[in-house]
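Biologist: I would like to learn how to read aromatic contacts in a model. Where do we start?

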Amino acid sequence: LNVVGITIVGGRGLATCTGSLLAPTLVLTARHCVSPVVGEGIVCSNATIGGVARTTTLTEAPYPASSFYVTTEPVIGPGGRSVRAMEVITPPGSLGVAFCGRDIALLRLSAPITAVAPIRPRLDLAPERNEVFTASGYGSTSGAGTGSGTRRMRSGLNVEFVGRAVTRGFTLLEDREWLADTGPCRGDSGGPALDRFGEVFGLLSRGAANSCDSPIYTRVDQYADWIRAQAARVAALDRYAAPAWVTPPAARGGEVGDGCAADTQCNSEYVCRVTGDARECTTTDCEACPEGWVCATDMSRCVHDPRLRPPPADASAPPDAASEDATADTATDAARPTVTTMPATGCGVAAGRAHEGRGWALALAALVALSARRRRVRG
């Protein structure tokens with residue numbers, strides 16, 4: 001429910017996007033959801049694509065705040081309850097500059113949303129290659145653009161590559177971005193990538209024009225100072241207590257196994273990573289795993305030895321029904337991806353094709369081919 005729908009009225013007509021409620025009157029979304037994008041597709045750097053010279057896509061000035069309506073309803077539609085925005089907030093120095101890596105914005109609402117708990121942003125830990133995440137949004141259920149307007153979710157997605165990627169003379173990704181394997185579609189723009197702890201560490205920027213594959217996310221951690229400053233400012237203006245995460249985690253010299261929220265909370269030779277069911281200080285030197293720890297080669301770090309962990313209290317008990325996906329929609333078109341629609345009490349992303357475990361190199365190769373056609377924002 002704290003994944004919200006955004007309706008944009010005016011400017012480009014009627015459009016929808018997705019956002020994350022970070023505080024009662026603060027929503028995180030994509031910049032292209034709050035301002036126009038000039039040109040056909042997104043180009044990260046001047047390049048010749050398919051024999052055609054293309055210039056870098058630049059950021060534009062936002063639409064008026066009165067253009068935006070935010071809802072926590074599971075379906076965006078006439079008659080639904082919504083709150084109008086009163087301020088559009090973009091990072092300083094981000095107007096008229098390269099779009100890629102800067103696709104992020106905040107909306108300050110005219111009235112608080114207090115019926116649902118806000119989402120915590122992951123501001124102090126970078127995304128990791130092979131990290132598994134859940135996407136959520138109000139987008140379509142296929143590259144054809146059908147089925148948008150309903151909040152859905154998709155779990156088991158994978159971070160394929162993090163940071164700048166340049167190939168064949170043009171830029172595919174900027175430093176402040178990361179690439180996923182598949183998942184969200186049109187209308188999911190601005191929607192969150194949620195880690196295993198339910199924290200948003202990326203927001204959907206763009207993807208292939210005619211499919212739900214190879215989406216690109218803006219890194220939330222790269223805008224930590226700005227998000228913290230704006231959250232504190234808005235909380236003061238709207239007279240509520242600022243979220244606890246506005247204060248950065250205090251530095252300390254944690255040892256292997258100590259809980260953490262940032263690398264600065266671990267001794268200099270250690271890092272803060274997921275080691276099982278928690279974030280703990282650990283080492284990426286797999287030859288130095290302490291007693292009771294083993295190397296997780298797929299993540300290049302030491303984790304707790306699963307052979308030494310006790311089994312669940314009742315391994316025969318069925319999983320909690322509340323944690324399971326709802327029954328998938330029945331697709332009449334064989335090419336249509338499987339869609340999971342969450343119950344009214346859950347949050348819901350248009351599901352793409354099943355995760356195929358592709359490597360990042362293959363994904364980047366696919367991106368080259370896709371860029372030769374077009375890469376479009378997903379809003």
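Modeller: With the pairing rule. Rings of Phe, Tyr and Trp pair if their centres lie within 6.5 Å. Keep in mind that this model is predicted.

Biologist: Which residues form one aromatic cluster here?

Modeller: Phe133, Trp178, Phe201 and Tyr217 do. Across the model, the count comes to seven aromatic pairs.

Biologist: How do I describe a single pair?

Modeller: In general, a pair of aromatic rings is described by the distance of the centres and the angle of the planes. Take Phe133 and Phe201. Their centres are 6.1 Å apart and their planes at 85°. Planes over 60 degrees apart count as edge-to-face, so Phe133 and Phe201 are an edge-to-face pair.

Biologist: Where in the chain do Phe133 and Phe201 sit?

Modeller: In distant parts, 68 residues apart. Phe133 belongs to strand E9, residues 132–137. Phe201 belongs to strand E15, residues 200–208.

Biologist: Is Phe133 buried or exposed? And Phe201, buried or exposed?

Modeller: The cut-off for buried is under 20% relative accessible area. Phe133 has 1%, so Phe133 is buried. Phe201, at 1% relative accessibility, counts as buried too.

Biologist: What geometry do Tyr223 and Trp226 have?

Modeller: Tyr223 and Trp226 are edge-to-face, 6.2 Å centre to centre with 75° between the planes. Both residues are buried.

Biologist: Which charged residues lie over the faces of Phe201 and Tyr223?

Modeller: Arg122 lies over the face of Phe201, 4.4 Å from the ring centre. Over the face of Tyr223 lies Arg176, at 4.7 Å from the ring centre.

Definitions and conventions
Residues numbered from 1 in each chain as written. Predicted model: local features only at pLDDT ≥ 70, side-chain atom pairs only at ≥ 80, totals over all residues. Heavy atoms only, no water. Phe/Tyr/Trp six-rings, centres within 6.5 Å; stacked < 30°, edge-to-face > 60°. Helix = DSSP H or I, 4+ residues; strand = E, 2+ residues; numbered from the N terminus. Buried < 20%, exposed > 50% of the residue type's maximum accessible area, 1.4 Å probe, protein only. Lys NZ or Arg CZ within 6 Å of the ring centre and 35° of its normal.
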